Amino acid sequence: MVKDIVKGNQIFLKAEDMTTLDLNVVTDLIDTFNANRKNCVGLAANMIGYNKRAIIFEDQEEKKVMVMLNPVITKMEFPYNVSEGCLSLDEMHNTKRYRRIKVEYYDVNFKLKKKSYSGFTAEVIQHEIDHTNGIII
Ligand SMILES: [Zn+2]
């Protein structure tokens with residue numbers, strides 16, 4: 001189901017772990033992401049009203065949409081500053097990101113995965129994982 005994007009303060013909460021009972025969240029994340037593709041490169045579940053640790057984004061290198069459950073960044077290298085926008089905010093904000101990151105997450109079958117990302121995809125993942133931790137840019 002396509003959900004409305006939550007704006008402002010409600011998404012500042014730290015989200016709870018996804019469990020196997022929460023897979024409806026994944027379906028709604030995918031539907032809402034597809035409905036917003038023109039102006040959106042990633043979403044976190046708490047942006048669509050679920051206080052759960054799930055994110056979706058397009059992997060620019062592999063040209064595919066990825067869903068990560070309970071993602072954690074385990075390594076960050078090469079910091080830089082960048083101006084970012086967010087569907088939940090009206091204006092751009094400056095923030096610090098890392099060019100290369102390593103992420104541990106569960107896939108939609110709850111298999112533990114580890115993967116390294118760099119460049120813009122890494123930036124989007126950092127932005128969305130921040131959302132799950134209640135941090136907005
Ligand atoms: Zn955002």
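Residues are numbered from 1 along each chain as its sequence is written, and side-chain values use heavy atoms, with hydrogens and water left out. Because the model is predicted, local features need pLDDT of at least 70 and side-chain atom pairs count only at pLDDT 80 or more, while totals for chains, interfaces and linings use all residues.

Me: What makes Cys86, His127 and His131 the donors of the zinc ion?
Reply: A donor is an N, O or S atom within 2.8 Å of the metal (3.2 Å for Na, K and Ca); water is not among the atoms, so sites may look incomplete. Cys86 (SG), His127 (NE2) and His131 (NE2) coordinate the zinc ion at 2.0 to 2.2 Å. Along the sequence, these donor residues follow the spacing C-x40-H-x3-H. Cysteine 86 sits in the loop between β3 (64-84) and β4 (93-106), and histidine 127 in helix α2 (residues 119-132), so the pair ties together parts that are 41 residues apart in sequence. Helices (H or I, at least four residues) and strands (E, at least two) are DSSP runs, numbered from the N terminus.

Me: Why is cysteine 86 called buried?
Reply: Buried means under 20% relative accessible area, exposed over 50%, and partly exposed in between (1.4 Å probe, protein chains only). Cysteine 86 has 11% relative accessibility, and therefore counts as buried. Histidine 127 is buried as well.

Me: How do you know that cysteine 40 is in no disulfide?
Reply: A disulfide is a pair of cysteine sulfur atoms within 2.5 Å. By this rule the count is zero disulfides. For cysteine 40, the nearest cysteine sulfur belongs to cysteine 86 and is 8.7 Å away. Cysteine 40 has 7% relative accessibility, so this residue counts as buried.

Me: Why is tyrosine 106 called partly exposed?
Reply: Its relative accessible area is 30%, so tyrosine 106 is partly exposed. Tyrosine 106 belongs to strand β4. Leaving out residues up to four places away in sequence, tyrosine 106 touches Val67, Met68, Leu69, Asn70, Lys111 and Leu112, where contact means heavy atoms within 4.5 Å.

Me: Why does threonine 32 count as buried?
Reply: Threonine 32 has a relative accessible area of 0%, and is therefore buried. Threonine 32 is part of helix α1 (residues 23-35). Apart from neighbours within four places in sequence, its contacts are Met1, Val2, Lys3, Ile5, Leu43 and Ile48.

Me: How do you know that the span of α2 agrees with its number of residues?
Reply: The expected span of a helix is 1.5 Å times one less than its number of residues. The 14 residues of α2 should therefore span 20 Å, and the end C-alpha atoms are 21 Å apart, which agrees. Just after α2, glycine 134 has a positive phi of about 80°.

Me: What makes α2 mostly covered?
Reply: In α2, 12 of its 14 residues are buried, among them His127 and His131. The elements covering these buried residues include β1 (42-44), β2, β3, β4 and β5 (112-118).

Me: Which residues lie nearest the centre of the largest pocket?
Reply: Of the 14 lining residues, Val41, Gly85, Cys86, His127 and Glu128 lie nearest the centre. The element giving the most to this lining is α2, with five residues.

Technical notes: 1 Å grid on protein atoms, 1.4 Å probe; cavity = no way out; pocket = protein on both sides within 12 Å on 5 of 7 lines; lining within 4 Å.
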